[in-house]
Structure formats: C-alpha cells, structure tokens
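Reader: I'd like to learn how to read a model like this one, feature by feature. Could we start with a single side chain and work outward?

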Amino acid sequence: MSREIRVFADAHDMSRAAADVMVRLAGEAVQARGLFVVALAGGSSPKTLYMLLAGHTYRHSVPWEKVHFFWGDERHVPPDHNDCNYRMARETMLSKVEVPAGNIHRVRSENPDARQAAEDYETELREFFTANNLLANGLPRFDLVLLGMGPDGHTASLFPGTHAVRERERWVAAPWVDKFHTYRVTLTPLVLNNAACILFFVGGEEKAETLRAVLEGAEESDRYPAQVIRPTGGVLCWMVDRAAAKLLTSSKQ
Ligand code: 6PG
C-alpha cells in the first residue's frame, strides 16, 4: 500500500486538489474501462468539493454520463431528510449536472429495516460490479472511494466499538450507533480497501489529535476505525488542511 499525506492551507485549496484528482481518475477510468465508479463521502467536508465539481471550472472536465455514484455510507433516514448523504450530494452536485438516473446508486435508507437496506445495497453492488466486470479478488473495485473522518476517528459509518469495523464477510453492514441512537448503513473495510484509490478528506483543528493518533499512533482500529482503511492494492491519499495537520510530525506541505 502506498500512502501519501498532503497538507493544504484551507478547505478550498484541499477541495480544488481533490477535484483535480477526481477529474484525472475519471478520465483514466473512462479511457481504460468506459466508466468511472466512485463511492462518495457524506458529512459536511465534501460539500465544497461537490460544488466545485458541478461549477464552471470543473463541470466540463467530468464525463458525467459515464460516472456511477455510490455512497460509502448513509444515515437511516429518507432521501429527502436533512441528514441524508445522498440528499447532500444531490443538492450540491448531482442536481446541477447531467448524470443519468441509472448512474445514481443510493442506499434505500427509507426502508424501516436498516439491515434489509444494507442487504439490498449489497445486492445492487454485486449486480452492478459483476455486470460491468469490475470485481477484483471477488469484491467490488471502486475507482475511487472518498472518505471523511470524525473527531472520534470513525470513517464512513465505521464507528469505534461497532461490529462493522471488524466485518470480514459482508460488503455492507447496518451497525447500531449508540452515540447517535440510530442505525447506519455502511460499506465494510472489505469493499473500501479493495478500491484502486482511497482519498481521505479531513479538515479542522478539532480533528488534529485524532489525525495524529490515526496516522502516527499505535494500531488501535477498534478505537480509531479510520486505521482499518488500508487498501489491499490501491493508493491511499490523505488530504488534510493545516489546522487538522498541526500535530503531525511527517507530512508534505
Ligand atoms: C457521515 C460520513 C462520515 C463523515 C465524517 C466526517 O455519514 O457522516 O460519511 O463518515 O465523513 O463524520 O464528517 P464531516 O465532514 O462533517 O466532519
């Protein structure tokens, strides 16, 4: 696994760099396989990135009709709920560009049974990646997985102390998250780590101590689930801003 840490002055610079990477990867994937398959991150950090991609600087550089969007995780809410990661991506990007409806593969999080929503999402992954001959090691191989990280070291919806962090069979899990008193639906490390490129996108001083522990501390992935992200054959890039990186001893400015 190759790991790179890139530090940026602020969220805007980080978002531009991430947009440049996504445009490059999309072009390479489309040229090689005719499509680009990405798992989007939720939360608030990627909003600027998604708005940039749909903006005048980048929108014409993305082959939108050949991009397939999945989500790394989803909240257990309907698609029109304020907390929904799909809704956030739709409002900041997908509603502003020409993406065929069939290219948008959201989690059916409106299902009252989160476990069933996870099983259905796993079926959709299996059907899509098999039909497009995009399995590697028998697992979905995303061209790009975007991930954020919470101040507690969670990523996607792999939260400290949840079974999903250790899941080694399922592709999608539906962990109960005590701190939010809700279920989530998340890709498991099995699928996330099978990606060709994993891009962490982390900003803010409130994450500095956790980022140091994750990148430079002891292996404690139950406590810091972001540590479980180790691509089996792909590239891992951490894009962080100066505020989040302030406690790191080794990083490329
Ligand atoms: C989610 C995300 C989650 C997010 C982190 C960071 O559903 O909330 O997938 O893993 O990336 O919580 O969130 P912020 O970007 O809002 O800090």
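Author: Start with H105: leaving out residues up to four places away in sequence, H105 touches H68, F69, F70, W71, Y121, E124 and F128, where contact means heavy atoms within 4.5 Å. Before going on, note that this is a predicted model, in which local features need pLDDT of at least 70 and side-chain atom pairs count only at pLDDT 80 or more, while totals for chains, interfaces and linings use all residues. Residues are numbered from 1 along each chain as its sequence is written, and side-chain values use heavy atoms, with hydrogens and water left out.

Reader: Is H105 buried or exposed? And which side chains make a polar contact with the side chain of H105?

Author: Burial is read from relative accessible area: buried is under 20%, exposed over 50%, and partly exposed in between (1.4 Å probe, protein chains only). H105 counts as buried because its relative accessibility is 5%. A polar contact is a pair of N or O atoms within 3.5 Å; within protein, one must be able to donate a hydrogen and the other to accept it, and residues adjacent in sequence count only if both atoms are side-chain atoms. The side chain of H105 has such a contact with H68 at 2.9 Å and another with E124 at 2.8 Å.

Reader: Where is the place of H105 in the fold?

Author: Helices (H or I, at least four residues) and strands (E, at least two) are DSSP runs, numbered from the N terminus. H105 sits in the loop between α3 (85-92) and α4.

Reader: What span should helix α4 have, and what do its end C-alpha atoms show?

Author: The expected span of a helix is 1.5 Å times one less than its number of residues. Helix α4 (residues 114-131) has 18 residues, so it should span 26 Å, and its end C-alpha atoms agree at 26 Å apart.

Reader: Which residues of α4 are buried, and which are exposed?

Author: The buried ones are A114, A117, A118, Y121, E122, L125, F128 and F129. Viewed down the axis of α4, these buried residues fall within an arc of 140°, so they line one face of the helix; the arc is that of the directions from the helix axis to the C-beta atoms. The general idea is that an α-helix has 3.6 residues a turn, so residues three or four places apart point the same way. On the other side of α4, E127 and A131 are exposed.

Reader: What covers the buried residues of α4?

Author: The cover includes several strands, among them β2 (36-40), β3 (67-71) and β10 (182-187). At the N-terminal end, D113 caps α4, with a side-chain oxygen 3.0 Å from the backbone nitrogen of R115. After α4 comes N133, whose phi is positive, near 55°.

Reader: Where else should I look for a positive phi?

Author: N137 is not a glycine, yet its phi is about 55°; it lies in the loop between β5 and β6 and counts as exposed at 66% relative accessibility. H181, also not a glycine, has a phi of about 50°. H181 is in the loop between β9 (176-177) and β10, and is exposed at 62%.

Reader: How many disulfides does the count come to?

Author: A disulfide is a covalent bond between the sulfur atoms of two cysteines, taken here as a pair of cysteine sulfur atoms within 2.5 Å. The count comes to 0 disulfides. For C197, the closest cysteine sulfur is in C237 at 6.8 Å, too far for a bond. C197 is buried, at 8% relative accessible area, and C84 is buried too, at 2%.

Reader: How many residues surround the ligand?

Author: There are 15, and the closest are S45, D73, R75, A156 and K207; a residue is near a molecule or strand if one of its heavy atoms lies within 4 Å of it. Polar side-chain atoms lie 2.7 Å from a ligand oxygen atom in S44 and 2.9 Å from a ligand oxygen atom in N85. A156 uses a backbone N or O atom instead, 2.6 Å from an oxygen atom of the ligand.
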